[in-house]
Amino acid sequence: MRAACGTPALVLGASYVGFGAFVHQAGFDLWQGLGSTTLGWALPGQIALVEIFAIGGSLLAAAIAVGLANARLLPMVLTLMPILRQGDAATRPRLAHYLSAHFIALTGWANAMQRCPEMVPAQRLPYFLGFTTVIWLSTVLATALGFHLVGVLPAPVTLGLVFLNPLYFMLLFVADLARKERGIALVLGAVLGPLLHMVSPDWGLLMTGLIGGSIAFLIVERGRH
């Protein structure tokens, strides 16, 4: 919890101040914004949800948009959950693992992938839940704060806060350049991302992840053999 109370909670909270302002400007009430943060807790998907409903989109369109925006969470769960469950899968209730999966998002996942493998297995899940509970609560409070700050701060300032989190996430992963398998993936993503965005602005990001990640995987596997 102490590890989360510094930069992680502040940066993620600032992003959700922008989201709270966006909810207000889109015509939704505070409880809808808080419900989205409490239950959804994935900023790109939340923004997509608000945008779709703000323009009168259908429930199906919203579900597809949110599903695509949050598709990145699946590989995060697949890579982190085995680390969190290692050594205590048989002793902890399965509900605890389902609960922890709900809290897997960019900031908590990046922190846990860097720190949990070095911990004793029994300490990993409590550490992860302690860390993510703090940043989750900070986003709930920040959503309410941003909702009420509309009219106090200029709109470009409040909405611009949304972009702090991806910048923080990018800087957090600079440390992973020292690890070969992650460094290759990051470099390939940085090179392929702009190129594939020019090819297809709608699908460039997904293509970058699929192609860059697959190439990095093959390079690392070839090196191991």
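Author: A crossing is called left-handed if the near helix is turned anticlockwise from the far one by less than a right angle, and right-handed if it is turned clockwise. The model is predicted, with local features requiring pLDDT of at least 70 and side-chain atom pairs pLDDT 80 or more, whereas totals for chains, interfaces and linings use all residues. Residues are numbered from 1 along each chain as its sequence is written, and side-chain values use heavy atoms, leaving out hydrogens and water.

Reader: At what angle do helix α3 and helix α4 pack?

Author: Helices here are DSSP runs (H or I, at least four residues; strands are E, at least two), numbered from the N terminus. Axes are lines fitted to C-alpha atoms, for helices over the stretch in contact, and angles between N-to-C directions run from 0 to 180 degrees. The axes of α3 (residues 43-54) and α4 (residues 59-69) lie 8 Å apart, at an angle of about 160°.

Reader: Which orientation and which handedness follow for α3 and α4?

Author: Angles under 35 degrees count as roughly parallel, over 145 as roughly antiparallel, 65 to 115 as roughly perpendicular and the rest as oblique. The two helices α3 and α4 are therefore roughly antiparallel, and their crossing is right-handed.

Reader: How many nonpolar residues does the contact of α3 with α4 have?

Author: With contact meaning heavy atoms within 4.5 Å, the residues involved include P44, G45 and F53 of α3 and L59 and A69 of α4. Ala, Val, Leu, Ile, Met, Phe, Trp, Tyr, Cys and Pro count as nonpolar, Asp, Glu, Lys and Arg as charged, and the others, Gly among them, as polar. There are no charged residues, one polar, and the nonpolar ones number eleven.
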